[in-house]
Amino acid sequence: MSNSAEESDVKPLSTARRVWMVAQLVIVMGGSITLGLLGAKWLFAPEDPALTPAGPALVPLAMNVALLIAIPFLTLAGLIWGVTTLSGAFILNYARPVFYRLVLRSYLSNLAVMVLGGCGLSILLTAAAQPPLLRLGVPAVLVGAPLTFVWFIAFQLLLIMVDIWYPLGVIVFRRRFRALHISPTAIREGIGMSIADPDVKLKRWPRTVEQDFGMIWLTDEMLHFVGDSRRFDIHLHAVQGVERDAQKIDVAALFGARPAVLVFRDGAGKERRLKFYPSNYVTKIGRARRMNEFAERLIGWTRTPALAAQQVRGFEVQPVSEPR
């Protein structure tokens, strides 16, 4: 699992570049929140919050304006999601590795969907919730900008918990493995998995925990991996053990997810580590469950390989001495 090949492909980020990236993030987030709060206050805050009867009278107008703003926002967010998903993140040539191109484009699309969808949905829900809340005696000042901001944050939390790009992952996975000439039989027998080398710190942007995606097959003596950019075999005799590592920056860790880390020795006798993450999950709870299930299966394979092994019939895995 050579580090030199990976590190030679990327250039370290300069200090100025890092500062500029952080400044961009602050500007975008600060500007979006400021504009959202100002727009929500203009749309939904009654002119005189002290006059409770005047509050409901303003609601129909606010709803009409909210629809005019929210529908284009939601439509644009839906179009971005649909085009990104159905096009396979704008990738036309699946004969070449697609992982980092996919990560960059899906990251930008996700940012657009979060902002546009969050703004549109929060404005619409706020306008719809105003009449009943005002009738219940909720202060009018609270059912304007503050309520809009609450809906917006709730939408962001929902997107964190649910993977809206699950269909995109399935589409890209199928197209890429079809280009690699992996048979449907082998795909059904394999385990969709992303991998990462904890000892390699990639400096690409945007940064991701995973470094490659692919499939794993466990046989009596081998762990076979065929991925987007690498393909390797790890012999059972080279395995030193399986560790469980809590990923603190992963939301799935809140649900008890502890990814498996396979410790083994490469062809040169050097100790290496590979961390495994399940691919194509719908919710963080599902990710945590699949992560723990695979970890238990991998531990069982190292102890009693005959029970956890698979019969790989769909293709012949090309032997490689070590991950590359």
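Student: Which residue in E7 is the bridge partner of Ala-196?
Tutor: That's Lys-275. Keep in mind that this is a predicted model, where local features need pLDDT of at least 70, side-chain atom pairs count only at pLDDT 80 or more, and totals for chains, interfaces and linings use all residues. Residues are numbered from 1 along each chain as its sequence is written, and side-chain values use heavy atoms, with hydrogens and water left out.

Student: Okay, and how many bridges join E1 to E7?
Tutor: Four, and the two strands run antiparallel; E7 covers residues 271–278. Strands (E, at least two residues) and helices (H or I, at least four) are DSSP runs, numbered from the N terminus. Two strands pair if DSSP finds at least two bridges between them.

Student: What about E1 and E2, how many bridges there?
Tutor: Five, again in the antiparallel sense, with E2 at residues 212–218. Gly-192 stands opposite Met-215 of E2.

Student: Is E1 buried or exposed?
Tutor: Six of the six residues of E1 (191–196) are buried, so the strand is largely enclosed by the rest of the structure. Buried means under 20% relative accessible area, exposed over 50%, and partly exposed in between (1.4 Å probe, protein chains only). Both faces are covered: Ile-191, Met-193 and Ile-195 are on one side, with Gly-192, Ser-194 and Ala-196 on the other.

Student: New topic: how many residues does the largest nonpolar core have?
Tutor: It has 20, and Ile-216, Leu-223, Ile-234, Leu-262, Phe-276 and Leu-298 have the most contacts inside it. The largest share, four residues, comes from H8. A nonpolar core is a set of buried Ala, Val, Leu, Ile, Met, Phe, Trp, Tyr and Cys residues joined through side-chain atoms within 4.5 Å.

Student: What does Thr-302 contact, leaving aside its neighbours within four places in sequence?
Tutor: Leu-236, Val-239 and Val-242, where contact means heavy atoms within 4.5 Å. The C-alpha atoms of Thr-302 and Gly-241 are separated by 7.3 Å, although these residues are 61 apart along the chain.

Student: Last one: where is Ile-160?
Tutor: Ile-160 lies in helix H5, residues 145–161. At 38% relative accessibility, Ile-160 counts as partly exposed.
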